[in-house]
Amino acid sequence: MSDEALDIQVTDILIYLGIPVSCKGYDYLRCSIILAYHSPDITKYITKTLYPKVARLCHASDAAGVERNCRHAVERACHIGRIFEFGRYFDCDITHRHPTCAQFISAIARRLHEISAEFDSRQ
């Protein structure tokens, strides 16, 4: 999948799930998902590797701020109500009131790989 197509897919998914574009967490989630798409293992150590990398790339103050803003964006989406479609859309078991940031980022990156594989198989 090209970088442009990936950007469009991530944006469409985040908007579909109700992540407010006005939240700082929206940009951090976008960056996190794209990084996780390119390096799936990065989500295994999300607080040690992914958040610091996003903080550097997005000029955030620190990794804790990235995590806080991502969590806030996911929680705001829960209040909108579309986040409950997350489990069905991504075939992910959500045991909490809402997905954790790690679940959210990993599931979307995994879904994007599936979309990419489907697209490649058609060509």
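Modeller: Let's begin with helix length: the expected span of a helix is 1.5 Å times one less than its number of residues. Helices themselves are DSSP runs (H or I, at least four residues), strands likewise (E, at least two), numbered from the N terminus. This is a predicted model, where local features need pLDDT of at least 70, side-chain atom pairs count only at pLDDT 80 or more, and totals for chains, interfaces and linings use all residues. Residues are numbered from 1 along each chain as its sequence is written, and side-chain values use heavy atoms, with hydrogens and water left out.

Colleague: How many helices and strands does that give in the protein chain?

Modeller: There are 6 helices and 0 strands, so the DSSP runs read α-α-α-α-α-α from the N terminus on.

Colleague: How do you know that the span of H2 agrees with what a helix should have?

Modeller: H2 covers residues 24–38, and its 15 residues should span 21 Å; the end C-alpha atoms lie 22 Å apart, so the two agree. For H4, with 18 residues, the reach from first C-alpha to last is 26 Å, close to the expected 26 Å.

Colleague: What makes H2 "largely enclosed"?

Modeller: Buried means under 20% relative accessible area, exposed means over 50%, and partly exposed is in between (1.4 Å probe, protein chains only). In H2, 11 of the 15 residues are buried, so the rest of the structure largely encloses this helix. Among them are Tyr26, Leu29, Cys31, Ile33 and Tyr37.

Colleague: And why is Arg111 called partly exposed?

Modeller: Its relative accessible area is 23%, so Arg111 falls between the 20% and 50% cut-offs. Arg111 is found in helix H6. Arg111 and Tyr37 are 74 residues apart in sequence, yet 9.3 Å apart in space, C-alpha to C-alpha.

Colleague: Why is H2 called roughly perpendicular to H4?

Modeller: The axes, lines fitted to C-alpha atoms over the stretch in contact, have angles from 0 to 180 degrees between N-to-C directions. Under 35 degrees counts as roughly parallel, over 145 as roughly antiparallel, 65 to 115 as roughly perpendicular and the rest as oblique. The axes of H2 and H4 come within 7 Å and cross at roughly 105 degrees, which makes the pair roughly perpendicular.

Colleague: Which residues make that contact?

Modeller: Contact means heavy atoms within 4.5 Å. H2 brings Lys24, Gly25, Tyr26, Tyr28 and Leu29, while H4 brings Gly65, Val66, Asn69, Cys70, Ala73 and Val74.
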